[in-house]
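I opened my notebook to look up a few spots in this structure. Here is what I wrote down.

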Amino acid sequence: MEIGILDIKGSLPLFEDFGNLPTKIIDEKNYKEIKDLEVLIIPGGSLIESNSLTNELKKEIVNFDGYIIGICSGFQILSKKVDVGRKSTIPIFREGLGLLDVEFYPLVCTDRVKFELKKSIFGEGVGEGFHCHTYGDIKIVDKETKILTISKVKKLNYKINEEKNIISGAFKGKVFGTMVHNFLDNEFIRDNFLKHLNVEEDEKEEIFTKNKIIKEELKKRALKYRINPKLHHKEDKSKDKNKKYGIILLSTSSNSGKTFLTTAISGKLDGKVFVAKIGGDVRDIVPPLYLLREKMTKYNSIKIGERGWVKVNEFLEYVKNSEYKYIIVEGVMGAFTAAFKNLSSYQIAKKLGFPVYIISSCNLSGIEGAFIEAISYYNLLKDIGIKVEGIILNKVYDWNIFNKLKELAEKYNIKLYGVGKVSNESRGLIPEIEIDYESFCKNALNVDLNIDIPEVNLEDNSITKNINDKNDNFLAVLDKWIKRIFNNMRGT
């Protein structure tokens with residue numbers, strides 16, 4: 001039995017395990033072999049946004065008479081149309097293959113969820129998974145297409161509400177789609193499906209063996225290694241291979257470029273990289289996961305209040321016992337946003353204990369203003385007791401001005417880095433609106449940014465000592481900081 005998984009531009013074939021079922025890689029070169037499969041799995045990614053499917057590939061999928069399972073973006077591809085105009089005053093439709101009579105409209109959801117599986121070839125019952133989508137408002141537009149899954153969610157479009165049931169999957173004939181990642185990783189669903197296919201135990205083990213082989217092959221195909229093959233399987237020559245290195249990227253405001261720079265930094269490191277997000281919007285770290293071909297786990301999201309997936313201590317314990325050499329954590333909003341509610345990135349950063357880089361974007365306040373904002377944040381974070389490793393000015397448009405500021409920063413032993421503007425930034429490069437992962441990541445890999453990633457010690461209590469501390473009284477923190485500034489001005 002051959003179960004194919006689609007590996008094309010914009011797809012995420014290692015984002016989850018897919019029940020450890022795929023046995024064959026299908027790409028732009030061997031797409032005609034789709035007809036020889038029993039099952040085709042279309043994974044998530046940015047397939048709709050980046051127009052990844054060629055006309056020839058579309059024909060093969062439409063004419064395929066086996067089972068098709070689409071996850072997230074793979075489900076959207078099977079639909080009639082998707083409105084990707086989340087930030088538009090009018091709908092912006094992308095056409096799907098029309099194999100399912102379903103339409104998609106903007107609805108952001110990034111929850112871990114329990115879902116109800118309706119009776120189908122996968123059985124019925126309750127499963128677990130997660131959502132990671134921008135366009136998840138599903139409209140079933142005919143009677144032949146049936147509901148496959150209903151998810152129980154609390155957070156929609158960034159707002160936490162009472163638990164609500166939303167349609168998250170549909171099927172018609174042999175075509176199935178769901179917005180639930182980890183759908184096939186529920187063993188009862190996978191095993192019911194294999195039973196429906198009359199797969200015996202020995203053939204099941206053969207499938208799992210083949211799956212291990214193609215996962216290794218899929219990993220080698222990661223964009224990071226396609227662009228820079230020297231980074232793949234590079235031998236770690238350090239005396240202590242258990243050393244961990246980590247940073248947190250905080251910013252002076254939203255839209256400063258944290259996601260872009262997280263991706264850029266992740267692509268330049270020569271060991272296993274784990275990327276995490278403070279808060280629940282895991283969409284922000286999908287680009288680096290796409291670049292690295294790493295799986296999304298519950299540990300990729302650090303809780304901040306009710307938003308996020310695991311607590312700080314759970315996250316630290318996981319990375320401590322993992323094989324990852326580098327840990328890159330992306331903050332949420334500005335470093336001090338929601339500090340009065342004890343929901344700010346800096347408060348989580350303090351508990352994590354990792355060194356921090358401050359990102360400030362020059363398109364918001366100019367190069368000079370961005371530098372002044374960053375210096376203020378640098379100073380206050382230092383006052384709070386956070387180790388600030390340096391400053392990154394993003395979207396630098398005048399290198400003469402930047403170099404003058406760099407000389408000034410060096411005078412005070414402040415590390416200052418600059419990143420130029422992306423020349424062809426468009427809708428396809430903006431995560432919140434519409435993203436083409438391939439283009440986004442290629443642009444990130446072209447960034448000239450080589451920053452220090454300091455070692456973090458997870459073996460003793462030095463990094464975890466603040467986890468159980470009460471949150472700061474931010475008003476008192478500000479009062480103390482301002483008082484020190486004015487005392488210095490008065491010479492007292």
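I began with a nonpolar patch on the surface, formed by Ile-482, Phe-486 and Met-489, with about 310 Å² of accessible area together. For such a patch, residues need over 30% relative accessible area and no salt bridge, and nonpolar side chains are joined within 5 Å, like charges within 9 Å. Areas come from the Shrake-Rupley method with a 1.4 Å probe, and a salt bridge is a Lys or Arg side-chain nitrogen within 4 Å of an Asp or Glu carboxyl oxygen.

I kept in mind that this is a predicted model, where local features need pLDDT of at least 70 and side-chain atom pairs count only at pLDDT 80 or more, while totals for chains, interfaces and linings use all residues. Numbering runs from 1 along each chain as its sequence is written, and side-chain values use heavy atoms, leaving out hydrogens and water.

I found Met-489 in helix α13, residues 474-490 (helices are DSSP runs of H or I, at least four residues, numbered from the N terminus). Met-489 is exposed because its relative accessibility is 62% (exposed is over 50%, buried under 20%).

Next I noted a surface patch of negative charge: Glu-200, Asp-202, Glu-205 and Glu-206. Asp-202 sits in helix α4, residues 201-220, and counts as exposed at 60% relative accessibility.

Last, I looked up Ala-349 in helix α9, residues 345-352. Ala-349 is buried, at 1% relative accessible area. Leaving aside residues up to four places away in sequence, Ala-349 touches Ile-248, Leu-250, Phe-354 and Val-356 (contact is heavy atoms within 4.5 Å).

How values were computed: Helices (H or I, at least four residues) and strands (E, at least two) are DSSP runs, numbered from the N terminus. Buried means under 20% relative accessible area, exposed over 50%, partly exposed in between (1.4 Å probe, protein chains only). Lys and Arg count as positive and Asp and Glu as negative; His and the chain ends are not counted. The place of a charge is taken as NZ of Lys, CZ of Arg, CG of Asp or CD of Glu.
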